[in-house]
Each structure stands twice: as C-alpha cells, then as structure tokens.
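Me: Could you take a close look at one helix in this model and tell me how it sits in the fold?

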Amino acid sequence: MSKRILIADDEPNIVVSLEFLMKREGFDVQVAADGEAALQAIATQVPDLVLLDIMLPKKDGFEVCQQIRANPEWQSLKVVMLTAKGRDTEVSKGLALGADAYMTKPFSTRDLVAQVRQLLGLGAQ
C-alpha cells in the first residue's frame with residue numbers, strides 16, 4: 001500500500017515540483033494551499049507525512065504543526081517543514097513544536113526524498 005503525503009504550500013511552482021517528485025517516488029499525494037485546508041485534509045484522512053510550508057495563508061505552518069501535535073490521533077504523522085525561513089530561531093521553533101525535520105528552500109530534491117523515505121521507514125532506493 002502506497003504512503004500518503006500531504007503537500008501544504010501556497011506557491012504553485014513549488015506545489016507542482018513537489019507533487020511531481022513525490023508521485024515519481026510512488027507516493028499518493030494530496031495538496032492544500034493554506035493552513036486551514038491542510039488541517040481539514042488531515043482530519044478527513046490522516047496522511048503518513050506532511051510537507052509543510054511555514055508561510056501559509058489563514059494558519060501558518062507553525063500553527064498547523066502545533067495543532068497536529070496537540071491531537072492524540074495524529075501523533076504518528078510525520079511533519080517536514082519546508083521554508084525559505086531558515087534562520088536558527090525558525091528552525092528551533094519548528095522543531096520545538098514537533099516537526100520531525102526542517103529543510104530550507106531551495107532544497108536538494110535528492111535530500112528531500114531521502115529525508116521523506118527515512119521518516120517513513122522506507123530506506124534508500
């Protein structure tokens with residue numbers, strides 16, 4: 001059974017790239033363009049992993065991550081924050097809120113795929 005990934009990003013070019021990359025790796029992909037839509041998608045069907053932008057409309061990625069970790073039913077959900085905000089304070093905040101990993105844009109697609117596979121327990125391909 002294929003693993004499900006939710007891409008929560010409001011930048012169309014990033015979404016298209018990530019969607020292509022994750023589908024090429026064999027994942028089922030869902031997309032949310034804002035924080036509220038991401039939380040609704042998770043509530044409807046919990047994915048295995050969320051690629052979460054910090055700068056999202058309605059609810060930012062920090063709020064989304066905090067709400068994910070506050071819900072006992074979503075504790076196994078892996079969260080990778082992807083953002084242009086790479087200062088130490090943002091990285092620390094994201095990890096403190098429960099993100100499993102934090103990558104800054106631009107990022108290496110090879111590194112991202114390796115991180116996703118590792119978090120999902122799939123190993124290298």
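Reply: For 125 residues a compact globule would come out near 14 Å, and the protein has 13 Å, which agrees. This is a predicted model, so local features need pLDDT of at least 70 and side-chain atom pairs pLDDT 80 or more, while totals for chains, interfaces and linings use all residues. Residues are numbered from 1 along each chain as its sequence is written, and side-chain values use heavy atoms, without hydrogens and water.

From the N terminus, the elements run β-α-β-α-β-α-β-α-β-α (DSSP runs: helices are H or I, at least four residues; strands are E, at least two). Let's pick helix 3, residues 61-70. Its buried residues (under 20% relative accessible area, 1.4 Å probe, protein chains only) are Gly 61, Phe 62, Val 64, Cys 65, Ile 68 and Arg 69. They sit on the same side of helix 3, because their arc around the axis is only 160 degrees (using directions from the axis to the C-beta atoms). Their cover includes helix 2, strand 3, strand 4 and helix 4.

Now zoom in on Ile 68. Beyond its neighbours within four places in sequence, Ile 68 is in contact (heavy atoms within 4.5 Å) with Leu 39, Ile 42, Trp 74, Gln 75, Leu 77 and Val 79.

At the start of helix 3, a side-chain oxygen of Asp 60 comes within 3.0 Å of the backbone nitrogen of Phe 62.

Technical notes:
Buried < 20%, exposed > 50% of the residue type's maximum accessible area, 1.4 Å probe, protein only. Polar contact = N/O pair within 3.5 Å; in protein donor to acceptor, adjacent residues only side chain to side chain. Rg over C-alpha atoms; globule rule 2.2 N^0.38 Å.
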